[in-house]
Amino acid sequence: MNALPSAACLNTKQTPYYYYDTQLLHRTLDAIKRETDKHAHFEVHYALKANAHPQLLQQISQAGFGADCVSGGEITAALKAGFPANKIVFAGVGKRDDEIRLALQQHIFCFHVESLEELEVVNALAAQEQQVARVALRINPNVGAHTHAHITTGLSENKFGIPLTQMNTAIDACSRLEHITLIGLHFHIGSQITDMSDFVSECQRINELQTELNQHDIHLRYINVGGGLGVNYDDPDGGAIPDFQAYFDTFAQHLHYTKEQTIHFELGRSVVAQCGSLISKVLYIKEGEHKKFCIIDAGMTELLRPALYQAHHKIENRSSQGALETYDVVGPICESSDVMAQGVLLPSCHRGDILAIRSAGAYGESMASQYNGRPLVQGYLSNDFSLEERKI
């Protein structure tokens, strides 16, 4: 069932903007909770990088999730939205000193440390704050993922994490640093992963590492497996809620953990992608020599993913039921890469038609820019529309 309201309703706000279906968000959160409740050791942190819209964050925090942050700004946003500090984890390869101090002062749960030098810096700043910082080492498991090269993160030569060959050195460093306590390991192999075998491979590598550590009498209580679960960009309505059962069952069946350990997940895209649509208006229809261009008022400043790594989003013409025609849907930005889709079939488009670019709730608004002097895109929740507007 299509969750979007009519074109007339969508046309009551100034385009372009993001429309967020809060009912779908709640159903998604409920689905995650149903599955994690089956596994007493599983805990979920929402990855703020996917979407940090304040009202969405409030609803996610109220559902009882933790927060996965990669900047001081995200930590501040998470705290403001009601996420408890003791459920916040802080990752990122380039944490600034002021961001580390903020995290220490707020007493967050854990730092995910991504280099040997970062360990030294966290230790020094924790000493200044008269604290002992809880850390988990982000280890590169050298596990590939069946996804785009720009969003795979678990290979040995990725910029993220500590190489496997340096893991023991990092563990030894934790033991000698007085203001560091090592509580666990962190992994993340990539994003938009729909092949569960990738997660099986991740589990197998974690099992190997834990066996090695246990042989040296090192027993860690915290294992963070990252996130990465993909969504259905081809059929956002039929695949509105990802298969969380298959995802969590994969880890329950293949990851070896003890009753003393907690297993943490960092889900972002799979939580919010399908509840968000970028709403845009057709400005012009331009006839080329061999193709037809549908020029809209949303571009790469509002949704960067298609220009950044040729991401696919389903596009709907909410105003027309005319005969199908083939268009290149393009934005107004002065860049040749500002293309939402090429050769897409849409009901005949005309100036003023309302288009919806689906599955845009993740990495849409959060990656928006002001390039070309454009104002930052606004985001509206479905309950921001009055009952009268919804009846239009």
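Gln130 sits in the loop that joins helix 6 to strand 6 (133–140); helices here are DSSP runs of H or I with at least four residues, strands are runs of E with at least two, and both are numbered from the N terminus. The model is a predicted one, in which local features need pLDDT of at least 70 and side-chain atom pairs count only at pLDDT 80 or more, while totals for chains, interfaces and linings use all residues. Residues are numbered from 1 along each chain as its sequence is written, and side-chain values use heavy atoms, with hydrogens and water left out.

The phi of Gln130 is near 55 degrees, a positive value in a residue other than glycine. With 74% relative accessibility, Gln130 counts as exposed; exposed means over 50% relative accessible area, buried under 20%, and partly exposed in between, with a 1.4 Å probe and protein chains only. Gln310 also has a phi near 55 degrees, again positive in a residue other than glycine. Gln310 is placed in the loop between helix 11 and strand 13 (315–317), and at 60% relative accessibility it counts as exposed. A further backbone feature is the cis peptide bond from Thr15 to Pro16, with omega near -5 degrees. Pro16 belongs to the loop between helix 1 (7–10) and strand 1 (17–20). Most residues other than glycine have a negative phi, and most peptide bonds are trans.

Helix packing comes next. Two packed helices are described by the angle between their axes and the distance between the axes. Helix 5 (residues 97–105) packs on helix 6 (residues 116–128) at an angle of about 55 degrees, and their axes are 10 Å apart. That angle makes helix 5 oblique to helix 6. Angles under 35 degrees count as roughly parallel, over 145 as roughly antiparallel, 65 to 115 as roughly perpendicular, and the rest as oblique. The axes are lines fitted to C-alpha atoms, for helices over the stretch in contact, and angles run from 0 to 180 degrees between N-to-C directions.

On the helix 5 side, Asp97, Ile100, Arg101 and Leu104 meet Val121, Val122, Leu125, Ala126 and Gln128 of helix 6, where contact means heavy atoms within 4.5 Å. By class, this contact of helix 5 with helix 6 has six nonpolar, one polar and two charged residues. Ala, Val, Leu, Ile, Met, Phe, Trp, Tyr, Cys and Pro count as nonpolar, Asp, Glu, Lys and Arg as charged, and the others, Gly among them, as polar. Leu102 also lies in helix 5 and is partly exposed, with a relative accessible area of 21%. Not counting residues up to four places away in sequence, Leu102 touches Gly72, Ile75 and Thr76.

Helix 8 and helix 9 form another packed pair, at an angle of about 30 degrees and with their axes 9 Å apart. They are therefore roughly parallel to each other, and their crossing is right-handed. Met196, Phe199, Val200, Glu202, Cys203 and Asn207 of helix 8 make the contact with Ala246, Tyr247, Thr250, Phe251 and His254 of helix 9. These residues divide into seven nonpolar, three polar and one charged. Within helix 9 (residues 244–254), Phe244, Tyr247, Phe248, Asp249, Thr250 and Phe251 are buried. The buried residues of helix 9 pack against helix 2 (22–36), strand 2 (42–47), helix 8 (196–215), strand 10 (262–267) and helix 10 (269–272).

The remaining positions carry UniProt annotations, which are given in the numbering used here, with shortened feature names, and may be inferred rather than shown by experiment. An unreviewed UniProt entry lists Arg269, Arg305, Tyr309, Glu335 and Tyr363 under "binding site". They span 95 residues in sequence and the farthest two C-alpha atoms are 26.7 Å apart, so they do not all gather at one spot. Tyr309 is in helix 11 (residues 305–309) and is buried, with a relative accessible area of 9%. Tyr363 is in the loop between strand 16 (354–357) and strand 17 (378–381) and counts as buried at 13% relative accessibility. Leaving aside neighbours within four places in sequence, Tyr363 is in contact with Lys49, Ala50, Arg269, Leu303 and Arg305.

The UniProt annotation "active site", from an unreviewed entry, covers Cys334. Cys334 is in the loop between strand 14 (324–330) and strand 15 (339–347), and at 64% relative accessibility it counts as exposed. Cys334 touches Tyr371 and Asn372, not counting residues up to four places away in sequence.

Technical notes: A crossing is left-handed if the near helix is turned anticlockwise from the far one by less than a right angle, and right-handed if clockwise.
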